[in-house]
Amino acid sequence: MSVNSLQLSEYLENMSGMTFRRLYQQPSAAFAVFRRMLPHLAKTLVMAILYMPTPFLYSDLDVWVKPAAKRQKDQALSILRALHIITSIPASKDAQPAMALTTNFKNSLRLALEGGGDHNSFGVPSNMPVSEDLDIPFLDKYARKKWDDILHFVVNSVGITDGSRMSGETSNGPKGSVKELLIGGRLVERKSPTSPTIHITQAGFTFLLQEANAQVWTLLLLWLEAAEANANAGMDHVDMLSFLFLLASLELGRSYSTDALTESRRNMLPSLVDFGLVYIPAHDHKQFFPTRLATTLTSSESSLRSVSAGFTAASEGVADAQDKNAIILETNFRIYAYTSSPLQIAVLALFCELKMRFRELVSGRLTRASIRRAVDMGITSDQIISYLATHAHEQMHRVAAATKKPLLPPVIVDQIRLWQLDTERMTATPGFLFMEFDSVKEYDQVKRFAEDVGVLKWSDDRKGMFFANKVEQIKDFMKNRRKENP
Amino acid sequence: MPPKRKAASAVQGAVKSGRASAASTPGPATPRDLDSDDDDFGSPGQVDLPAEEDIQSAVDRFSLAHYQDQTVRGPVDAASRHFGNGRRDFSYLNLKPDHKDRPIWIDPQRGRIILENFSALAETAKDFLITVAEPLSRPTFLHEYSLTTHSLYAAISVGLQASDIIATLDRFSKTELPSSIRAFIANSTSAYGKVKLVIKNTKYYVESSDPEVLQKLLKDPVIGPCRVQGTDITTTTSNMQSVVIPGTSNAAGVQQVKPSDKSQEDVPPEQAQPENAMQALREDDDDDNSEAVHAFEIPDSAVETVQKRCLTIQFPILEEYDFRNDDRNANLEIDLKPNTQIRSYQEKSLSKMFGNGRAKSGIIVLPCGAGKTLVGITAACTIKKGCIVLCTSTMSAHQWRQEFLKWSNIHPKDITVFTAEKKDKFEGNTGIIVTTYPMVTQSGKRAYDSQKMMDFLTSREWGLMLLDEVHVVPANIFRKVSSHIKSHSKLGLTATLLREDDKIGDLNFLIGPKLYEANWMELSEQGHIAKVQCAEVWCPMTTEFYDEYLRTNDRGLKANLYIMNPRKIQACQFLINYHEQRGDKIIVFSDNVYALKEVALALGKAYICGATGNNERIRILENFMYNPNIKTVFLSKIGDTSLDLPEATCLIQISSHYGSRRQEAQRLGRILRAKRRNDEGFNAFFYSLVSKDTTEMYYSTKRQAFLVDQGYSFKVITQLAGMEQMEGLVFNSAQLRRELLQKVIVDTEAKRGMDDEDATDDLFYAKGRKRGVRRTAGTLGELSGGQDMAYIEQRKSANKSLKKNNKQSDFFKKHYRDIARNKANAQQ
């Protein structure tokens, strides 16, 4: 199971058994979960008991698995249980403890494998004529552009108003609804509720550093959560999830009929178009094309591209192996990146001061101010360091290996950390300032009370003021005191 | 700030002529501008000397800002705005198809060059770039250079042609060479190197290989009349042999091998193709040697006029000395001792100086400890004429003489020292004199013998003037030196050609271009200078000190507080202790003399500052060198330069001169020549102690900029493990710290208004120790001599009048009479 499905599994595991039963009604969903979410051992187990007529005894399972692999077995079982794929049958008088597949899952998976039924769970291909241009490269380009728009919106939001760009050459970024989704998911933040200026958050930076597939899921889960929270919108999140699994099982480059979809699923299509998962020809709303982003949702093969590969994607044609590892960090805080991807440059701009740009080379330097800016945006020093390490140029790898020294200059790494620490030396305590007491006596008493109940944070006897982090008790105390000596 | 440069200059239209010339004529781009973090060339310094104005205007004309790149820019993308709103986005420059094999990028606006050090061509490219550009940063992977007028001047002066420079740059460049760079090089160099001032048979000749240029000069209303009457333009074909620099392998083989052969060996095999521009360029170089040159004579008196005029009409004069054809000045019997071998980089630097068989004036930049002295000596041995060496202090003057005797076979009588204490002339008709800058620049009345010595110096013609630590000499001082003392060629030596002020901006024009600058990291890799671990120790301020620091507005007190921060003193003590136990010899530097004394006393160590007498200095230094019990010495900034202590292996800096990059580099230089540097795994240590959260931190970063660009890295130490547990740690109780604080405050207050010891402690600005006198209030204890307060007599003449009205009290009259009587009685 790859890292990027972690989020999805977390999401799924939090769902109720009821939801799973509904989800597993669709063969595509069952199949997708089987393919995507299970470790190898769990898959083997499922396949082994899929066609068993009776529950499977745990004692038999112990015979199957080597004692040394007990940990893996327990892990597999716990995942299977969490995803409501198996149920345990407790020991009774006449039977030992056993396990069995849940009914819906078993039926759906059998259907998926056998290919029977009329559930249309794997989509209905459209019979309508398709234009010649709608080939796979076109779809890839389309999806990439859509997705890049979203990423650009996330990075470009730094210090620029409204996400709009200087040049009119490219598009104006993702749709408003997607923007709202990103803001709602706190990947980017408005500086103030009314301000049009937005900036990236720590979550947003983490998002950027993920693989594309994980990014897609992050966004989709945000979408699901939003739908869940907003129940009146008429979107059923279980149905949505199930539809996503359906999309994942479609074939890239084929067109599918929208007629075969239910009303609610047809309503989802516009959003999916915004994300770049689906393409619908402008003149023909009767058919849709899943893009690579959608068809690879549940496959472990890297989808459109990973982020690092993505940096090269924009510089199509010049991309080669070297570009993937593009960044050179020097001991004099200079950074050179072999890239011409606006996206990667935008990422670099988050934490360094860029100096010059040539085709395929960008020079910049890390400064206290630039790191501070990044830290203020919520990007951590560790994130920056790991970003630099993962994208280190092959020359850096070579020299590091030859001299047996760390990949990144340790001095720079320390300094980045120190710069971050520098910003963390102040701690804020929200609370209340008490001042302008009627008398010194009153001040003394109230202060002593605050001290006694342990809420006093700071006091200045000379100025007659103090600061406490909680107010209720003090308020009562003062009220009572006033009553006692009016 | 330079004006916002636009690609299409047509937009500017009429405005351009007015504004561009006013705003886009920044000052000299080098060397003070070498910190690469700024985007502009810096604003021109206001100079009031007329001569400097000329230079300024000459410099301005050659700034790259004049040349705008005309390349049409393609559409910009979203990322452009990160580069100064697209101004520094040069992605419109098209890459060559085989760009992967070419090592450099060139910034069309500022002439910055980025070099891939890992490229196969890097060595060749570096060799070329060091000649035509200034190195900015040279860490591991990517080096940066900057094309400046000065660097081009230097390139031309070693014999390169503009067309060669352009062709070679183009060959190395990954992109098409930007038109602005082409124009810049072509224009700058069209003016440089065309005219040379040659002294032949002690007559000055203005020489050029281009007759048209010479005609132009002769038609000039100022220069024309300067021509010596009755002389013609002489045309000679000079076929020059190259000089063999003593001490090199060439000299050993006594073969007249041309130096170019040597350098060609560096060219990797794949470079040895016919279209190899490097090679072609060297061949051209050789061709030059047999080119016809034209010259006319000018009288000695007109030299300066002509030089100035040439500068204004854009033909800066190169000075060259054809020393082998100089028969009038006697030859000096000097040669390197047979066992003296000079290192490859020293040879390289000297070959730049003697490139075409003549001695060129210029500056050679080598790190401290890399053998600058030997370079100077070798130069003197090559020229073999009278030589004057100028250095910064009496101490280093003696060191120079010793070095001369050590490396060369010069007769001890032929080399003398001229200082305040010693004023000897050499006996023969030529020789070497070592003196100090203050000795020859002092104005006003001189002692009789000094004056005689000065007359001797100024009346002679010197073959070579060696200028040690040339960065400490502000241009106006140097102007004085060169106007007093006539020399055919000048060689400046320094480790750090940078100053925070702009006082050396003109040295390039006054002495000559920078001929060579060595790569620190490379020399350290090769073991010529010690490997150094640099660390910056962050010492938090103690609460009391920080309180006071925040409260006061007095800069002096603030400085004293962060320098005297008890935690810093503790860290210093801890480090001294640690390194003494390791067997290191430690130098502690403090700029602040007050702190120097206090800390040295607190830790019980010897210190040397400006006020320390010469004998005491020598005693302390000898003890430091030879006495195994004395492992630590405290030095004020007098120890920054020219102090040769190969024993020292560890350096701790507790206070420094604001953001001076030069000082940091010079101080590091004190340990680069560590004796033990070639031991396996040996490391020298350089600690810089800074008080956290004070302005010191800010300066510290600035100071390190130069070294960091050379590839050094400063490790930040926030916590010295085990410091708290150390026994006998000073100031480790709050009581003691408070006392120290009080002392610092009181002493700072007391020192205010007195002579600013720190400012006068520099080698060059010392104007004798002034005894400050002031009126002051004081406690009764102080007034009666409890402190070091002393009275002086304001009106000495009053004493005489006192004697006149000799009115004695009756009591004393009677008393004295009694005494006299008693004596008389006793005698009877």
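Q: What lies over the face of Phe624(B)?
A: Lys585(B) does, at 5.5 Å from the ring centre. A charge sits over a ring if NZ of Lys or CZ of Arg is within 6 Å of the ring centre and within 35 degrees of the ring normal.

Q: What kind of model is this, and how is it labelled?
A: This is a predicted model, where local features need pLDDT of at least 70 and side-chain atom pairs count only at pLDDT 80 or more, while totals for chains, interfaces and linings use all residues. Residues are numbered from 1 along each chain as its sequence is written, chains are lettered from A and ligands numbered from 1 in the order in which they are written, and side-chain values use heavy atoms, with hydrogens and water left out.

Q: Back to charges on rings. Which ring does Arg460(B) sit over?
A: The ring of Trp462(B), with the charged end of Arg460(B) 5.3 Å from its centre.

Q: Are Tyr321(B) and Phe323(B) buried or exposed?
A: Both Tyr321(B) and Phe323(B) are buried. Buried means under 20% relative accessible area, exposed over 50%, and partly exposed in between (1.4 Å probe, protein chains only).

Q: How are the rings of Tyr546(B) and Tyr549(B) arranged?
A: They are stacked, 5.7 Å centre to centre with 10 degrees between the planes. Tyr546(B) and Tyr549(B) are about one helical turn apart because they are three residues apart in helix α20 (residues 543-551) of chain B. Helices (H or I, at least four residues) and strands (E, at least two) are DSSP runs, numbered from the N terminus. Tyr546(B) is partly exposed at 24% relative accessible area, whereas Tyr549(B) is buried at 6%.

Q: Which residues form the ring cluster with Trp105(B)?
A: Ring pairs link Trp105(B) with Tyr338(A), Phe358(A), Phe90(B) and Tyr92(B).

Q: So what about the contact between the chains in general?
A: 47 residues of chain B are in contact with 42 residues of chain A, contact meaning heavy atoms within 4.5 Å. Together the chains bury about 4,200 Å², 58% of it on carbon and sulfur atoms. Buried area is the accessible area (1.4 Å probe) that two parts lose on being put together, summed over both.

Q: Which three residues of chain B supply more of that area than any other three?
A: Arg81(B), Phe83(B) and Phe141(B), with 16% of the area that chain B buries against chain A.

Q: New topic, α22(B). How many of its residues are buried?
A: 12 of the 17, so α22(B) is largely enclosed by the rest of the structure. Among the buried ones are Cys572(B), Phe574(B), His579(B) and Glu580(B). Helix α22 covers residues 566-582 of chain B and should span 24 Å, which agrees with its end C-alpha atoms being 24 Å apart. The expected span is 1.5 Å times one less than the number of residues.

Q: What comes just after α22(B)?
A: Gly583(B), with a positive phi of about 90 degrees.

Q: Now sheets. What is the strand order in the open sheet of chain A?
A: β1-β3-β2, three strands with antiparallel pairing. β1 (56-57) and β2 (86-89) stand at the edges with a single partner strand each, so one side of each has no neighbour in the sheet. Two strands pair if DSSP finds at least two bridges between them.

Q: Which residue stands opposite Phe56(A)?
A: Met99(A) in β3(A). Leu57(A) has Ala98(A) as its bridge partner, and Thr87(A) has Ala100(A).

Q: And β15(B), is it enclosed or open?
A: Five of the five residues of β15 (residues 432-436) of chain B are buried, so the strand is largely enclosed by the rest of the structure. Ile432(B), Val434(B) and Thr436(B) point one way, and Ile433(B) and Thr435(B) the other.

Q: How many bridges join β13 to β15(B)?
A: Five, with β13 (residues 387-391) of chain B and β15(B) running parallel. β14 (residues 415-418) of chain B also runs parallel to β15(B), joined by four bridges.

Note on methods: Rings of Phe, Tyr and Trp (its six-membered ring) pair if their centres lie within 6.5 Å; planes under 30 degrees apart count as stacked, over 60 as edge-to-face and the rest as tilted.
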